[in-house]
Amino acid sequence: AAPVVVKVPPKAVSAHALMYDANARALLRRGATALDPHYLGAKTFAGVTPARLRVLDPTIVFQAGGNGLEAGRRVGVREVNGGYGYELRTTSRTGKVFIYRRDALAQVFTSCRTAAGRSCGTW
């Protein structure tokens, strides 16, 4: 039998890169879950603080605004739409910035940006 030849595509993605990006997305989903009890009590996301969220999920290091770092379990959080929505961000070890945004109508939008600032789609 002829030997099997496997060719790796020139832009192959490593298993580690896939894992880091998956971890970043999972971290944002867990962060969103932590925000739910805050909203149920306050009926707004206004005034949400990293300290309050840390009580709701101590496995995540929330920080006000900006990007978090997936490697440090850090998530940037900020309120949007007058406190009726929020945005969570974290940067994967691959350099991609993942964004989880909930608007005032409770619609969720996810997106990704490369280190160069280009869109890498939704997730």
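A polar contact here is a pair of N or O atoms within 3.5 Å, one able to donate a hydrogen and the other to accept it. I need that cut-off for the entry on Ser92. The model I am reading is a predicted one.

**Entry: Ser92**

I looked up Ser92 and found it in the loop between strand 4 and strand 5. Is Ser92 buried or exposed? I noted a relative accessible area of 4%, so Ser92 is buried. A polar atom of the Ser92 side chain lies 3.5 Å from the backbone oxygen of Tyr20. The Ser92 side chain also makes a polar contact with the side chain of Asp21, at 2.7 Å. I then listed what Ser92 touches, leaving out residues up to four places away in sequence: Tyr20, Asp21, Ala24, Glu70 and Phe98.

**Entry: helix 1**

I checked the length of helix 1, which runs over residues 15-42. Its 28 residues, at 1.5 Å a residue, should span 40 Å, and I find the end C-alpha atoms 41 Å apart, which agrees. Just after helix 1, Lys43 takes a positive phi of about 60 degrees.

Which residues of helix 1 are buried? I wrote down Ala17, Asp21, Ala24, Leu27, Leu28, Gly31, Ala32, Ala34, Leu35 and His38. The spacing of such a list can be read against a general rule. An α-helix has 3.6 residues a turn, so residues three or four places apart point the same way. For the cover over the buried residues of helix 1, I noted helix 2 (50-56), along with strand 1 (61-64), strand 3 (74-80), strand 4 (85-91) and strand 5 (97-102), among the elements included.

**Entry: Thr44**

I went on to Thr44, in the loop between helix 1 and helix 2. Thr44 has a relative accessible area of 18% and is buried, because the cut-off is under 20%. A polar atom of its side chain lies 3.0 Å from the backbone nitrogen of Ala46. Not counting residues up to four places away in sequence, Thr44 touches His38, Tyr39 and Gly83. Of these, His38 is on my list of buried residues in helix 1.

**Entry: salt bridges**

How many salt bridges does a search of the whole structure find? The search gives 5. I followed up some of them.

Asp21 is buried at 6% relative accessible area, while Lys96 is partly exposed at 28%. Asp21 is also the residue whose side chain meets that of Ser92.

I placed Glu70 in the loop between strand 2 (68-69) and strand 3, and Arg93 in the loop between strand 4 and strand 5, 23 residues apart. Glu70 counts as buried at 6% relative accessibility, and Arg93 is partly exposed at 48%.

Glu87 pairs with Arg78, with 3.3 Å between the closest N and O atoms. Salt bridges with shared partners join Arg78, Glu87, Arg89 and Arg101 into one network. Glu87 is buried at 6% relative accessible area, and Arg78 counts as partly exposed at 39%.

**Entry: nonpolar core**

I looked at the largest nonpolar core, which has 18 residues. Leu35, Phe62, Val75, Tyr86 and Leu88 touch the most other members. Helix 1, strand 3, strand 4 and strand 5 are the elements that give two or more residues to this core. Which element gives the most? I found that helix 1 does, with 6 residues.

I took Leu88 for a closer look. Beyond four places in sequence, Leu88 touches Leu28, Gly31, Ala32, Leu35, Val75, Gly76, Val77, Phe98, Ile99 and Tyr100.

**Entry: disulfide**

The count of disulfides comes to 1. Cys112 and Cys120 form it, with their sulfur atoms 1.9 Å apart. I noted a torsion of about -75 degrees about the S-S bond, so the disulfide is left-handed. Cys112 counts as buried at 3% relative accessibility, whereas Cys120 counts as partly exposed at 28%.

Technical notes:
Residues are numbered from 1 along each chain as its sequence is written. This is a predicted model: local features need pLDDT of at least 70, side-chain atom pairs count only at pLDDT 80 or more; totals for chains, interfaces and linings use all residues. Side-chain values use heavy atoms; hydrogens and water are left out. Helices (H or I, at least four residues) and strands (E, at least two) are DSSP runs, numbered from the N terminus. The expected span of a helix is 1.5 Å times one less than its number of residues. Buried means under 20% relative accessible area, exposed over 50%, partly exposed in between (1.4 Å probe, protein chains only). Contact means heavy atoms within 4.5 Å. A salt bridge is a side-chain nitrogen of Lys or Arg within 4 Å of a carboxyl oxygen of Asp or Glu. A disulfide is a pair of cysteine sulfur atoms within 2.5 Å. A nonpolar core is a set of buried Ala, Val, Leu, Ile, Met, Phe, Trp, Tyr and Cys residues joined through side-chain atoms within 4.5 Å.
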